[in-house]
Amino acid sequence: MTCPLCNGRGFSTKTEGIYEIVVACSCQRMKQIHAELGASGIPQKYQQYSLLDAPADGRIPFKEAEGFYARGLSEGDALELRHCKMSQKKALAICRERYETYLKAFQTKDESIPTPGFMLRGPCGTGKTHMAATLLTDLVYAGVSPVRFVEYTQLFRQLRYSYGSSELRESDILEPLVKAKVLCLDDLGAQASDNTTWVQDILGYLLNERYGSMLPTIITTNFPDELDEGASGPFLSDRLGVRLRSRIREMCPAVHMTGLDLRQLMDSAKNKGKPG
Ligand SMILES: [Zn+2]
């Protein structure tokens, strides 16, 4: 559709005193945002959300676990759901705080502002990926670029593909991830390859480079830490090795998302009352 403000010219003119000045039309800004989002790797379904309460651009505010009917749940499940909502609220507050921090640091280019990463950790279905992807989307809308989102197993699949390809090099895949202002590594520790040494080398390179450049990395994972009270394995360190694990602990302090798998809960509530 042609922009009605500028008739597709991409700019408009306004008169100031005796001068007529050319200004870029707001549609150009949206075009740029969509191009950034397209290159970012943020899954499209999350690009319509915002962590902000009232986004000005028509995106949907992210809400903590809502719309899950407490009706039909056992007392135990209802309690779990409350815990889950509480931990989501806490995680959401941290995401918003980081958003402000990154924005300030990257807009002012003030290197004295620390830009720590963080890790969203918890069972499947607690909204970790949604939250992290939405935070990245907010940053793109606010003009922070480039940012990158990559799913862990997908990354290694792409790398494997690149080794047999004449057009794509390993560095074509890794460099944008190394240099992104903010990187989200989704589902860290999932089964990516039988070759653990290779996986650990790649991940070590990526994280060490970002650490050296003081660029924040956001991680989501289902794997618990062996230091967590009452946690049982397999732990993240089992999947990544102790050295990588301690680097990640330093770069990405964990934010725990407790509770239960909301998707599973919905299904079980639906299936209740069904015969047999
Ligand atoms: Zn326009």
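This is a predicted model: local features need pLDDT of at least 70, side-chain atom pairs count only at pLDDT 80 or more; totals for chains, interfaces and linings use all residues.

User: Why are E6 and E9 called edge strands?

Analyst: The open sheet has five strands in the order E6-E7-E8-E5-E9, with parallel pairing. Strand E6 (147–151) and strand E9 (254–256) each pair on one side only. Direction ignored, neighbouring strands of the sheet are turned by 15° against each other on average.

User: How do you know that E6 pairs with strand E7?

Analyst: Pairing requires at least two bridges between the strands. Five bridges join E6 to strand E7 (residues 182–186), so E6 and E7 count as paired.

User: Which strands does helix H3 lie across?

Analyst: Helix H3 (residues 128–141) lies across strand E5 (118–121), E6, E7 and strand E8 (217–221). Relative to E7, H3 runs at about 160°.

User: What makes up the contact of H4 with H5?

Analyst: Gln158, Leu159 and Ser162 in H4 meet Glu170, Asp172 and Ile173 in H5. By class, two of these residues are nonpolar, two polar and two charged. Helix H4 (residues 152–163) and helix H5 (residues 170–179) pack at an angle of about 145°, and their axes are 8 Å apart.

User: What share of the chain counts as buried, and by what test?

Analyst: A residue is buried if 20 or more other C-beta atoms lie within 10 Å of its own. Of the 276 residues of the chain, 32% count as buried. The chain has nine helices and nine strands.

Definitions and conventions. Residues are numbered from 1 along each chain as its sequence is written. Axes are lines fitted to C-alpha atoms, for helices over the stretch in contact, and angles run from 0 to 180 degrees between N-to-C directions. Helices (H or I, at least four residues) and strands (E, at least two) are DSSP runs, numbered from the N terminus. Two residues are in contact if their C-beta atoms, placed from the backbone, lie within 7 Å. Ala, Val, Leu, Ile, Met, Phe, Trp, Tyr, Cys and Pro count as nonpolar, Asp, Glu, Lys and Arg as charged, and the others, Gly among them, as polar. A residue is buried if 20 or more other C-beta atoms lie within 10 Å of its own, exposed if 12 or fewer, and partly exposed in between; C-beta atoms are placed from the backbone.
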